[in-house]
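My notes follow in the order I checked things.

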Amino acid sequence: MARPFDVQSVESKWQARWLDDGSYEIENDDPRERFYALCMYPYPSGTAHQGHIRNYTFGDLVVRYQTMRGKAVLSPFGFDSFGLPAENAAIKAGSHPRLFTDARMKELKSSVRRLGAVYDWRREVFSHDPQYMKYSQTIFLALFKAGLAYRAEAPVNWCPGCATVLANEQVLTDGTCERSGDLVERKNLEQWFFKITDYADELLRDIDTLDWPERVKTMQRNWIGRSEGVEFDLPLANDPSKALRVFTTRPDTGYGVTYAVVAPEHPLLDQLTTEDERPSVTALVQRAKSASEVERTASSDSGAGLEKRGAFTGSFVLNPFTNEQVPVYVADYVLGTYGTGAIMAVPAEDERDYAFAMVHGLPVVRTVEPPEGFEGGAFSGDGPHINSGFLNGLQTKEAKTLASDYLATHARGIKKVNFRLRDWLVSRQRFWGCPIPIVYCDDCGIVPVPLDDLPVLAPDDVTMDKSGQSPLATHEGFRNVACPKCAKPARREADTMDTFTDSSWYFLRYADPFTPGQPFDAAQVAKWMPVDQYIGGIEHAILHLLYARFYLKALIDIGLAPGLPREPFRRLFTQGMIRLEGAKMSKSKGNLIAPEKYYETVGADGLRLFHLFVGPPADDVDWTEQTEDVIEGCGRFLDRLYRLTQYDEVNFHDQEDDSDFAVRQALHRTIVKVTDDIEGWRYNTSVAAMMELLNTVSKWARSEHGAQRAVLDEVLDVMLRLLAPMAPHITAELWEQRHPQGSSLHRQSWPEADPALVKHEMITMVVQVNGKVRARVEVSPDINEEQAELAALADEEIVKVLAGSKPQRLVVRPPRLVNIII
RNA sequence: GGGGGCGUAGCCCAAUUGGCAGAGGCAGGGCGCUUAAACCGCCUCCAGUGAGGGUUCGAGUCCCUCCGCCCCUACCA
């Protein structure tokens, strides 16, 4: 495509200038109103792909727009630079993950520069920076001292073939190792946890205060999974002094309990199991233990329909409502980690229990009358209680209350709130992560590394293949250390931290990476927080956002971040995915479309414009054969703008007239439209509005009658300002051509519309007869009902259509429409 | 199984939030420019809104039912 200007040289000129003049370096004491714009911390996977391009196009638009609105905008960048891909690549290449990672960071950095996105590079953060690691470790130790970090046993994915621990993403869907193909086992290890569950209530409650997409909020609520119920005792039939404790949200269905179930991990299982039943119970427990999650769920694609495996323990418990004996089963559909690890089973009102009862031939007793015509097994809805003694006739709500009271006096029942949310397992048996700064001493136990000795850095000469544990565990030089307390020989923790810890506080460090000796100065950070606009992918809707929210709350509570708001991200925007032939575009799928070729044709500006224009920013983008043409079209738009600013084929007249006035009106209406659309994340329609305006202006200026020069000048200057956040290079270049002595385009203020020009003096009102459009009348937008009615009835065409018949009814909606019903 | 989203022209998408279905772009067609083509400029064809029902003077928009596609989640008692 032949272009009227040299895209590459224009773009590189401005990219260099933005770097050199530090336009987007921002000081913490800037007196202007503040705005913190942030794109999610990227993993440096190499040069940018279209997903990055889209993300940073949106982010840069926000930065430039808010800057033109007179704000002091904080726009930082950095890298989530620890993680498995670098470690795997290093193992494969026999090199060090740092070399690999540094190279990928450099590539991504040059990609965002080539896109023309601007950042305050002095604030750059990357996870494997020893300075950053030092403070990641400082935070870990502070959480430990506050009792928010603790050690416990937890299962890991163990590959017997590789003799190593696998991350979840290294386990294929069939439960085998992605590298060796061996069946992955579960193995228990002592690991570190953060007590995020202490914050479950607050994390749930504060969701209501966030300006986030509704679906992200819903996902977080579901993930936290608060549920209210009752915990109570089921006494053992042969020894009522002992009891099985269970949790239920439906105490009202207690008369329908026909059996009980314990999880395979339940501590009482051994006692409950009789000798006759021991072989089948043991078999079930063995299978549940060795089988991966995948195998447990592989038998069906729907949760309720899963095959319900279980075994009778040989024991019975007493239903506290009926005093009848019911059998106790062990089954893997009951989780050891939720509630008490045991349940009362009510097949008539719970689908899972129903499915199990069907398989194992257990009785079903309805306690809630299903609605007329109800077909199917379990009915979990509301209805009058039956077969339920003192609860008969009650609706669920009252029955719940009475049943809870009954359990409180008869079965040591207490009201209980359970959360689905688990504590955050932060230990990773990996090399390329931030080491956990802990020492284990035979005499002193768990000893934190003194703050002065931070950061704990991994040694470079580590072999990263097939060790039994963490790669660091076999490095004697690293592992052996003097106990910080008693100086006797001790051993370092060999695990590293989950990389989600790095992305849980980087946005605080951005706000103040300058104060020496601490992660950040809270008073400095408070000037910027919370983040005004956070932009990223929907894939982080749950974990990253939840962990970051937890971190900030915890940091405040343990005194590391006094005075900060308790929620980090005030406003969140999640962009749509890019997909190629239906599949998500990603590096692992190998279906990326590299941006480089477009830099040569339409430039970064054209590509940015495409991403803004292609559809609503929140929607997915389908990359098809037509996409190339659409991108070309975006480039053509910029070409047309360029030519017009050269006054090619433009005619002029002297006195301003109606045609000039009409164009000025169009211009000012476009200012309103583009501004509103940008504020409302409707970039696609704001670009369309600019295209429409260019069409109008260009037709006007190239008509025989031509344009009045001052008006054309005004129009073009405003258009360049409106387009500046979208296509920053070419607009800056054209601005400089037009104002060689003035300051640069990106230092100009955002255009303001003149209300007098925005207002329509006349507007078309539709007149319908029986809902059919019969006439259009030009009216003032301020017209009232009476005037609208008069105008409608006075219209010639309407008089003709009515032909004297009397209107039954008039629907008058000034100034838009009058509907006459006859 | 649960939760959420989306179906408008050949394609990507708009539609003042219940008021004339079309702003913008892509593709197609025509004309002009050109020795010719590309580029460029101008003009133009194209749907009654996935299906059915309801509310309303009026429904793409609100409410039911169904169909199709996508995303998230998964036995949390």
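I began with a pair of valines: Val812 stands opposite Val818 in β32. Before going on, I noted that this is a predicted model, where local features need pLDDT of at least 70, side-chain atom pairs count only at pLDDT 80 or more, and totals for chains, interfaces and linings use all residues. Residues are numbered from 1 along each chain as its sequence is written, chains are lettered from A and ligands numbered from 1 in the order in which they are written, and side-chain values use heavy atoms, without hydrogens and water.

**The sheet**

I then checked the strand around that pair. β31 (residues 809-813) runs antiparallel to β32 over 5 bridges, and Arg813 faces Leu817 of β32. The two strands make a hairpin with 3 residues between them. I count strands as paired if DSSP finds at least two bridges between them; helices (H or I, at least four residues) and strands (E, at least two) are DSSP runs, numbered from the N terminus.

β32 (residues 817-821) also pairs with β29 (residues 763-769), this time in the parallel sense over 4 bridges. There, Gln768 has Asn819 as its bridge partner in β32.

What is the order of the strands in the open sheet? I read β30-β29-β32-β31, with mixed pairing. β30 (772-779) and β31 are the edge strands, each pairing on one side only. The twist averages 15 degrees from one strand to the next. Helix α25 (residues 785-794) packs on this sheet and touches β29, β30, β31 and β32; its direction makes about 120 degrees with that of β31. Contact here means heavy atoms within 4.5 Å.

**The helix pair**

Next I looked at α19 (residues 625-645) and α23 (residues 728-738), which pack at about 0 degrees with axes 11 Å apart. That makes α19 roughly parallel to α23, a label for angles under 35 degrees. Axes are lines fitted to C-alpha atoms, for helices over the stretch in contact, and angles run from 0 to 180 degrees between N-to-C directions. From α19, the contact uses Leu638, Leu641, Tyr642 and Thr645; from α23, Ile730, Leu734, Gln737 and Arg738.

Is α23 covered or open? It is mostly covered, with 8 of its 11 residues buried, meaning under 20% relative accessible area (1.4 Å probe, protein chains only). Trp735 and His729 are among the buried ones. The cover includes α1 (7-20), α2 (50-68), α4 (97-115), α18 (603-613), α19 and α22 (709-723).

Key. Angles under 35 degrees count as roughly parallel, over 145 as roughly antiparallel, 65 to 115 as roughly perpendicular and the rest as oblique. Buried means under 20% relative accessible area, exposed over 50%, partly exposed in between (1.4 Å probe, protein chains only).
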